[in-house]
Amino acid sequence: MKTNVYLGLINSGKGQALYYALTKKKTIAKWKKRHIVKIIHDSTFQIKEKLFERKIYHTLTRDNDVDSIQREEKDSIYNEPKDNKDWIWQQNVIEAGFINSENNIGRPKGRDDTKHPKKQVIKKIDPSYMHDVDLLLLRDFSVITHNIVLFQSTINVIPYKTNLTDSAISKLDKFGTHRKQEYGNKLLDVYNMDKKRVWDFLDCYLHDIDDTIKLCQSNDVPYTMFNLDEDSYEDTFRWGKIQYRDLSHHKDVWQNREKYDIIENMAKEYVSQLSTQKFYHLTHV
């Protein structure tokens, strides 16, 4: 089986892809700035009526151009997927946002590697390291240009949404916390002062998708566009039936209806003024 590379950045459905891979006991690799961790399902076992899961972690780091791999086993309670609406995936932790502002404050994504701050930045690897990986998540897509042979042999999935209002709501909820653009600023303050700044913030997410497409095209790397609203996870990733399609969507934890209505109206206003011609993927997919 080929490796699926999920080429989505901030707030792009990575959590759903991760849930799908974990519940199907697939091998996952996360390529951070200064380390790559490979997570392998080893076994499940029972102790006093509780089900546990054992995972093996292979962490690759680099020092003075020499790679080393540390192996570690970890056991945790296995949150077995249940085929009912009340089941909660414990790893789906929603950070603070405009709607659920009582949660801990979020941090901008793509921050430096805090686990291995003194190791070398890893830009290029031996392709064989990924031969048994089912799902690869990247922190920095520029590694594609340094590993063209690797990414020409993988299934590179670029997620996007056609429900632009729903997409904008999720992004607006994390305004001021997830991106360096407008980080630390308050959504309503900026909107009331200069709403174009809010539209530019939302445009950044659409530019991310176009930039990813251009990166693949310029390096002759094949890619598959994946519509998060309509396309089949089963057909794209080929891991069997998925029980919950929108498990990582924030809608299930949004509780303040008044705040939701505010950003829903804001999202609709954004979409009403949006020129889809500005974005390649909105006109060529």
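# Briefing: helix packing and selected residues

Leaving aside residues up to four places away in sequence, Val 121 touches Lys 33 and Arg 34. The model described here is predicted. The protein contains nine helices and eight strands, and 47% of its 285 residues are buried.

**Overall architecture**

- The accessible surface of the protein amounts to about 15200 Å², and carbon and sulfur atoms account for 47% of that surface.
- Of the contacts between residues at least 6 apart in sequence, 69% join residues at least 24 apart.

**Helix 4 with helix 8**

- Helix 4 spans residues 164-173 and helix 8 spans residues 257-273; their axes come within 8 Å and cross at roughly 125°. Helix 4 is therefore oblique to helix 8, since an angle between 115 and 145 degrees falls in neither the perpendicular nor the antiparallel class.
- The crossing of helix 4 past helix 8 is right-handed.
- On the side of helix 4, the contact is formed by Leu 164, Thr 165, Ala 168, Ile 169, Leu 172 and Asp 173. Helix 8 contributes Tyr 260, Ile 263, Glu 264, Met 266, Ala 267, Lys 268, Tyr 270 and Val 271.
- Classified by residue type, the contact of helix 4 with helix 8 comprises 10 nonpolar, one polar and three charged residues.

**Helix 4 with helix 6**

- The axes of helix 4 and helix 6 come within 10 Å and cross at roughly 110°. The two helices are therefore roughly perpendicular to each other, because angles of 65 to 115 degrees count as such.
- Helix 4 and helix 6 cross in a right-handed sense.
- Ala 168, Lys 171 and Leu 172 of helix 4 make the contact with Val 198, Phe 201, Leu 202 and Tyr 205 of helix 6.
- This contact of helix 4 with helix 6 includes six nonpolar residues, no polar residues and one charged residue.

**Helix 6 with helix 8**

- Helix 6 (residues 195-218) and helix 8 have axes that come within 11 Å and cross at roughly 75°. Helix 6 and helix 8 are therefore also described as roughly perpendicular to each other.
- By class, six nonpolar, one polar and three charged residues make up the contact of helix 6 with helix 8.

**Lys 171 in helix 4**

- Lys 171 lies in helix 4 and is buried, because its relative accessible area of 7% is under the 20% limit.
- Apart from residues up to four places away in sequence, Lys 171 touches Asn 11, Phe 201, Leu 202 and Tyr 205.
- The C-alpha atoms of Lys 171 and Ala 267 are separated by 9.2 Å, although these residues are 96 residues apart along the chain.

- Helix 1 (residues 14-23) is mostly covered, with eight of its 10 residues buried.
- Those buried residues are Gln 16, Ala 17, Leu 18, Tyr 19, Tyr 20, Ala 21, Leu 22 and Thr 23.
- The cover over the buried residues of helix 1 includes strand 1 (4-6), strand 2 (28-31), strand 4 (50-63), strand 6 and helix 7 (233-237).
- Lys 25, which follows helix 1, has a positive phi near 60°.

**Loop residues**

- Val 121 is placed in the loop between strand 5 (66-77) and strand 6 (135-138). Its relative accessibility is 34%, so Val 121 counts as partly exposed.
- Val 121 and Lys 32 are 89 residues apart along the chain, yet their C-alpha atoms are separated by 8.8 Å.
- Most residues other than glycine have a negative phi. Lys 48, a residue other than glycine, has a positive phi near 50°.
- Lys 48 is located in the loop between strand 3 (36-47) and strand 4, and its relative accessible area of 79% makes Lys 48 exposed.
- Asp 220 likewise is not a glycine, and its phi is positive at about 55°.
- The loop between helix 6 and strand 8 (224-227) holds Asp 220, which is exposed with a relative accessible area of 61%.

Notes:
Residues numbered from 1 in each chain as written. Predicted model: local features only at pLDDT ≥ 70, side-chain atom pairs only at ≥ 80, totals over all residues. Heavy atoms only, no water. Axes fitted to C-alpha atoms, helices over the stretch in contact; angles between N-to-C directions. Helix = DSSP H or I, 4+ residues; strand = E, 2+ residues; numbered from the N terminus. Parallel < 35°, antiparallel > 145°, perpendicular 65-115°, else oblique. Left-handed = near helix turned anticlockwise from the far one by under 90°. Contact = heavy atoms within 4.5 Å. Nonpolar A, V, L, I, M, F, W, Y, C, P; charged D, E, K, R; others polar. Buried < 20%, exposed > 50% of the residue type's maximum accessible area, 1.4 Å probe, protein only. Areas by Shrake-Rupley, 256 points an atom, 1.4 Å probe, with all protein chains shown as cover.
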